[in-house]
Amino acid sequence: MWKAEITADTEGAGASQTFFRLWAPHRMNTNGRELMATDLSSWPGLGNPREILTKVDSADEPILATLALPRRVDKARIVYGTIAPGLVLEIGESLEEDEEFIAALLREFLITLAAVTMLGGPIGWFMARRALRGVQEVTRTATEIANGALDRRVDVRSQGDELDTLARTFNTMVDRMQALVIGMREMTDNLAHDLRSPLGRIRASAELSLTSGGSKAEAEAMAATTTEECDRLLEMINTALDIAEAESGAAKLKLTDIDLVELVGDALELFQAIAEDQQITITADLPDHFRIHGDRQRLQRVVANLLDNGLKYMSAVGRVTIKLVTEGERVTLSIEDTGIGISADESARIFERFYRCDRSRSKLGNGLGLSLALAFVRAHGGDIIVNSTPGQGSTFTVVLPRLSIGSINRLSDESTRENRGPSGRAAA
Ligand code: ADP
């Protein structure tokens with residue numbers, strides 16, 4: 001019955017695709033006896049699998065083998081199994097379909113590989129070129145800048161990629177560099193300009209003492225003038241250096257616990273006599289004490305500069321009012337005067353080094369006092385704000401954080417990093 005079924009199955013699949021043979025394997029290493037077989041005309045050279053039959057007979061599991069037959073291009077997959085004591089069934093199947101499938105797969109794979117290689121090359125080249133174009137643009141701009149064209153910038157294409165970030169960072173760096181170079185240029189120009197007049201006076205005075213052959217008193221007067229001019233020059237140079245040091249973050253604050261009210265009180269005492277001479281009333285609205293961590297000497301110079309300006313830029317009899325108000329974790333010190341005032345345009349520039357408003361040129365000064373005050377206050381993590389109305393007066397407000405020593409150091413670092421360069425903030 002089963003023989004008929006197997007024969008029918010085999011014939012259904014095609015005699016060239018499958019075959020079966022039924023064996024009665026002989027023990028004692030002799031050839032097995034073929035009991036029956038399907039049409040083997042398509043399977044030449046199958047032969048008698050004597051060794052396998054011997055093994056299968058004693059094995060628990062079927063044995064699999066792959067055979068290459070001499071006159072077939074495809075291989076045959078064969079399974080041998082004991083189906084009853086002394087009966088081994090051999091079923092073979094052509095691997096032609098599998099081989100065709102693998103060949104087709106390989107073909108598809110090779111075609112895809114070729115397509116990817118052909119397309120990948122140009123796409124990769126295009127992408128690399130695009131990326132390089134951006135880098136080349138940065139390199140070209142950097143070269144132009146190195147050759148002196150400080151106003152050159154890289155075009156930002158706004159595509160949100162790494163090249164845009166590179167271009168923006170590069171432009172910010174050049175902006176900063178340009179601001180520093182302009183600041184330095186202005187500073188040296190101004191310094192040279194401001195050095196010329198006193199040096200001229202010193203030279204004229206020395207020349208006069210040489211040629212006039214005057215009295216001892218005249219010589220002493222000339223020496224005194226020379227000393228005075230030299231002191232003024234030295235003060236200007238030292239102040240410019242102090243500002244540069246504070247703005248670059250190189251100045252180390254000497255932080256101690258100080259009473260700000262006492263510090264302001266000392267400054268008021270010093271300026272009281274000058275104020276009385278000028279018929280200026282100074283009024284102060286201060287709490288009893290207010291302690292902060294700060295650099296005493298530098299904060300003294302801030303208060304002195306602002307007070308000095310308040311008195312100096314007074315057109316006639318007037319009033320200077322000092323207030324110290326604490327607001328949570330910060331303190332606000334305001335110095336208000338009823339002086340000549342500052343226009344909105346000029347307010348935006350008064351913190352620049354050497355800047356002096358036109359109307360105040362008749363007064364003694366070098367235009368460095370406010371730059372120094374702002375640099376010192378920023379080193380403490382604070383700021384100075386100016387409010388002014390021409391002809392009515394000005395209020396300079398110093399805002400300082402009431403912080404621990406550690407946080408002042410941190411803020412001071414951040415503030416100098418952010419605010420380096422000649423700048424001020426005006427809220428006119
Ligand atoms: P200086 O007083 O030596 O000129 P500053 O840096 O202190 O330099 O001030 C810069 C300029 O700002 C001054 O020359 C003056 O024109 C203006 N200024 C400063 N403070 C006042 C003030 N309280 N009232 C009017 N103008 C002022």
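A pocket, as the word is used here, is an open set of grid points with protein on both sides within 12 Å along at least five of seven lines, and its lining residues are those having an atom within 4 Å of a point. The structure described is a predicted model.

**The largest pocket**

By that definition, the largest pocket has a lining of 42 residues, and those that lie nearest its centre are R356, L364, G365, N366 and G367. The space within the largest pocket comes to about 1,200 Å³. Sorted by class, its lining comprises 15 nonpolar, 14 polar and 13 charged residues. At least two lining residues are supplied by each of α4 (162-212), α5, α7 (296-312), α9 and β12 (393-401).

**Helix packing**

Two packed helices are described by the angle between their axes and the distance between the axes.

| Helix pair | Angle between axes | Distance between axes |
|---|---|---|
| α5 (216-248) and α9 (369-379) | about 30° | 9 Å |
| α3 (96-146) and α4 | roughly 10° | within 10 Å |
| α7 and α9 | roughly 145° | within 9 Å |

Helices α5 and α9 pack at an angle of about 30°, and because angles under 35 degrees count as roughly parallel, α5 is roughly parallel to α9. Their crossing is left-handed. On the α5 side the contact involves T239, D242, I243, A246 and E247, which meet S371, L372, A375 and F376 in α9. By class, this contact of α5 with α9 holds five nonpolar, two polar and two charged residues.

Helix α9 also packs against α7, with axes that cross at roughly 145°, and the crossing in which α7 passes α9 is again left-handed. From α7 the contact draws on R298, R301, V302, N305, L306 and N309, while α9 contributes G369, L370, L372, A373, F376 and V377. The contact of α7 with α9 has seven nonpolar, three polar and two charged residues. Residues L372 and F376 of α9 therefore take part in the contact with α5 as well as in the contact with α7, where contact means heavy atoms within 4.5 Å.

For α3 and α4, the axes cross at roughly 10°, which makes α3 roughly parallel to α4. Here R130, A131, G134, V135, V138, T141, A142 and I145 of α3 make the contact with L163, L166, F170, V174 and M177 of α4. By class, the contact of α3 with α4 has ten nonpolar, two polar and one charged residues.

Notes
Residues numbered from 1 in each chain as written. Predicted model: local features only at pLDDT ≥ 70, side-chain atom pairs only at ≥ 80, totals over all residues. Heavy atoms only, no water. Axes fitted to C-alpha atoms, helices over the stretch in contact; angles between N-to-C directions. Helix = DSSP H or I, 4+ residues; strand = E, 2+ residues; numbered from the N terminus. Parallel < 35°, antiparallel > 145°, perpendicular 65-115°, else oblique. Left-handed = near helix turned anticlockwise from the far one by under 90°. Nonpolar A, V, L, I, M, F, W, Y, C, P; charged D, E, K, R; others polar. 1 Å grid on protein atoms, 1.4 Å probe; cavity = no way out; pocket = protein on both sides within 12 Å on 5 of 7 lines; lining within 4 Å. Points joined across faces, edges and corners; volume = space filled by probe spheres on them.
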